[in-house]
Amino acid sequence: MRKTITGFSNPTVKFVRSLRDKKHRKREQRFLAEGLRLLTDAREGGRVPEILLMAQGREPHPLLDVLEQTVAAAGGDVLELPEDLLAKVTGKDNPQAVAGVFAEWDTGLATIDRHAAPIWLVAQAMRDPGNLGTMLRTADAVGAGGLILLDDCADPFSVEAVRASMGAIFTQRLAQARWDDFIGWLRAGEGQLVAASLREAVPYRGAPYAAPCFVMVGNESRGLPEDYEMACDLRVTMPMKGRADSLNAAVAGAVLAYEVLASFEG
């Protein structure tokens, strides 16, 4: 049954609001996502919100009807609340008309099947949640298997990262690991590790990419540590024809991923 809530003092509203804080997300192992398209992607990917929040006075939509029915059938809560209250919950002045609370899932390396896709993206110490979300979108766009986050990255389940992923958080495999664990896992099977570099690098166009290919980018300001670069099977360089000496980390990952995709399809 749909419940109507009008006050911020409601315990469920306070709980949902708390998920904007990383400390509470980690404790509860829950995260917040907003937008009908994003929640529809989640449902189609087999992930159903435990709590569905809908703004009063929203425009009716058949996808929202299906979503509400799915949540109710799974035993979740469906809450209707004023738009200004939803704004306080999501922290957005112009909130989407619908939001949901999801349970986090296992992001261990053991969940990754390296042979499930020819391309995987890897981000090391990526601190910007927008870049992280963009990496997930890129992974989805090139048909990658997913994104592996190394060392101290931004929280992939933050509201900002989830929003920036445009639903790819629900379509892509996601793993988190320390470098030593990742490189040990990678070398235990097949997999080519590739990174943009200036150290003994070859042009990224026409480089000898091999599947499964793990395309790695580093921290936005520092790039990859030298020992990480030297551990790669292939280091490639991209020309900088203007005054900039490097690309945004997420953009560099996208350029490389599409080049790898082209080499596999060509």
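Modeller: This is a predicted model, in which local features need pLDDT of at least 70 and side-chain atom pairs count only at pLDDT 80 or more, while totals for chains, interfaces and linings use all residues. Residues are numbered from 1 along each chain as its sequence is written, and side-chain values use heavy atoms, with hydrogens and water left out.

The largest pocket has a volume of about 610 Å³; a pocket here is an open set of points on a 1 Å grid over the protein atoms alone, where a 1.4 Å probe fits, with protein on both sides within 12 Å along at least five of seven lines, and its lining residues have an atom within 4 Å of a point. The volume is the space filled by probe spheres set on those points, which are joined across faces, edges and corners. Of the 25 lining residues, Ala196, Ser197, Gly223, Ser246 and Leu247 are the closest to the centre of this pocket. Two or more lining residues come from each of β11 (213-217), β12 (234-237) and α10 (249-265), and α10 supplies the largest share, three residues; helices (H or I, at least four residues) and strands (E, at least two) are DSSP runs numbered from the N terminus. By type, the lining holds 12 nonpolar, eight polar and five charged residues, where Asp, Glu, Lys and Arg count as charged, Ala, Val, Leu, Ile, Met, Phe, Trp, Tyr, Cys and Pro as nonpolar, and the others, Gly among them, as polar.

Two of these lining elements, β11 and β12, also belong to an open sheet of seven parallel-paired strands in the order β8-β7-β6-β11-β9-β12-β10, with pairing taken to require at least two DSSP bridges between two strands. Because β8 (173-177) and β10 (202-203) stand at the edges with a single partner strand each, one side of each is left without a neighbour in the sheet. Strand β6 (residues 119-124) runs parallel to β11 and is joined to β11 by five bridges, and Val122 has Met216 of β11 as its bridge partner.
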